[in-house]
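Colleague: Could you walk me through how to read a few features of this structure? I would like the general idea each time, then the case at hand.

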Amino acid sequence: MEKITQSENAALVAVEGLKKYYPIKGGVLKRTIGRVKAVDGVSFEIKKREVLGIAGESGCGKSTTGRVMLRLQEPTAGRVLFEGVDLSRLSKEEMRVKRRQMQQIFQDPYASLNPWMKVRDIIAEPLFAHGIGDQRERTDRVREMMEICGLSEKHAERYPHEFSGGQRQRICIARALILKPKFIVADEPVSALDVSIRSQIINLFQELQKEFGLTYMFISHDLSVMRHISDRIGIMYLGRMVELAECETLFECPLHPYTQALLSAVPVADPHAQRKRQILQGDVPSPANAPAGCAFASRCAHAMPICTKERPEARQCGTSAVACHLYA
């Protein structure tokens, strides 16, 4: 196990050059004829008790990044440091112990719940898997967590299909928190819910963060939700991080042309507000044949010759980091 010396202000999670490529098989012998670059060299840090939002179009690599960070999938390259420990160097047993401190909440609450198990067993399952407590202690802990997550004790004997979408997500949250983790990857946890329920779940996330001192990576394509919950927001495009900034800085002064286009599509409550919508032309390039230069160059109104030849590196511009040749 490799451990890096950390200072008190060090990040809880550090992602360095993370890549995840999926092989493309073809021919009679099913040889590898190409690779889908789902995540292509992503680097960022998440501080303790911080909420880092990750946004972008569908297929940009947001969810894959979260799964690879928790080693639900193995990375192709790069590494993830959790409290200074390189997770890629841990054995299966060491990683199993480390998973107590890292949990994920999935997008579809119904698909992530076993339909044949009662709610009390679903929430208690992580305790059984890690051999924590006896029967009485587990029962008390499940009851306590259900109450914290807004579930009634009578719900314990029911099955997932007997609940609404918001209640199912509360069950998923209770299951993720039963081990008292430090870090949560929330993968679009409100996108499958009604608008009226979303605010309740978002408020629950914020209350739980204050009570348990949690650190979140909150994945979503809804920037209005991001603005409400996030401390910082990272924008991904075709497997790459194109901009990372403080939440209000990103909304008030977006730097990357792709970020500007995304924000122009966010609806505002003021009917008299004058906004110019930026309509992107063309299609997103294929991740199986990613361009050599800037991945956004083919759709960018500010593209220069260098954009199609050289991949831009992230540069610090004030409090924002942006990967764009406009700021070279």
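**Cavities, rings and buried residues**

Modeller: Happy to. This is a predicted model, in which local features need pLDDT of at least 70 and side-chain atom pairs count only at pLDDT 80 or more, while totals for chains, interfaces and linings use all residues. Residues are numbered from 1 along each chain as its sequence is written, and side-chain values use heavy atoms, with hydrogens and water left out.

Colleague: Let's start with cavities. How many of 30 Å³ or more does the structure hold?

Modeller: A cavity is a set of points, on a 1 Å grid over the protein atoms alone, where a 1.4 Å probe fits but cannot get out; lining residues have an atom within 4 Å of a point. Volume is the space filled by probe spheres set on the points, which are joined across faces, edges and corners. Here there are three cavities of 30 Å³ or more.

Colleague: Which residues line the largest cavity?

Modeller: Its lining includes H256, P257, C294, F296, C300, H302, C324 and H325. By class, that lining has nine nonpolar, three polar and no charged residues. For these classes, Ala, Val, Leu, Ile, Met, Phe, Trp, Tyr, Cys and Pro are nonpolar, Asp, Glu, Lys and Arg are charged, and the others, Gly among them, are polar.

Colleague: And what lines the second largest cavity?

Modeller: Among its lining residues are V68, M69, R71, R79, V80 and S88. Five of the lining residues are nonpolar, two polar and two charged. Helices (H or I, at least four residues) and strands (E, at least two) are DSSP runs numbered from the N terminus. Both α1 (62-69) and β4 (77-82) supply at least two residues of this lining, with β4 giving the largest share, three residues.

Colleague: Is D86 buried or exposed?

Modeller: Buried means under 20% relative accessible area, exposed over 50%, and partly exposed in between (1.4 Å probe, protein chains only). D86 counts as buried because its relative accessibility is 3%. L127, in helix α3 (residues 119-129), is buried too, as its relative accessibility is 1%.

Colleague: What about backbone angles: what is phi of E83?

Modeller: E83 has a positive phi, near 55°, in a residue other than glycine. E83 sits in the loop between β4 and β5 and is buried, because its relative accessible area is 18%. K180 is not a glycine either, and its phi is positive at about 55°. K180 lies in the loop between α5 (165-177) and β7 (183-187) and is exposed, with a relative accessible area of 57%.

Colleague: Last topic, rings. How many aromatic pairs are there?

Modeller: Rings of Phe, Tyr and Trp (its six-membered ring) pair if their centres lie within 6.5 Å. A search of the whole structure gives five aromatic pairs, and F205, Y216 and F218 form one aromatic cluster.

Technical notes: On a 1 Å grid over the protein atoms alone, a cavity is a set of points where a 1.4 Å probe fits but cannot get out, and a pocket is an open set with protein on both sides within 12 Å along at least five of seven lines; lining residues have an atom within 4 Å of a point. Rings of Phe, Tyr and Trp (its six-membered ring) pair if their centres lie within 6.5 Å; planes under 30 degrees apart count as stacked, over 60 as edge-to-face and the rest as tilted.
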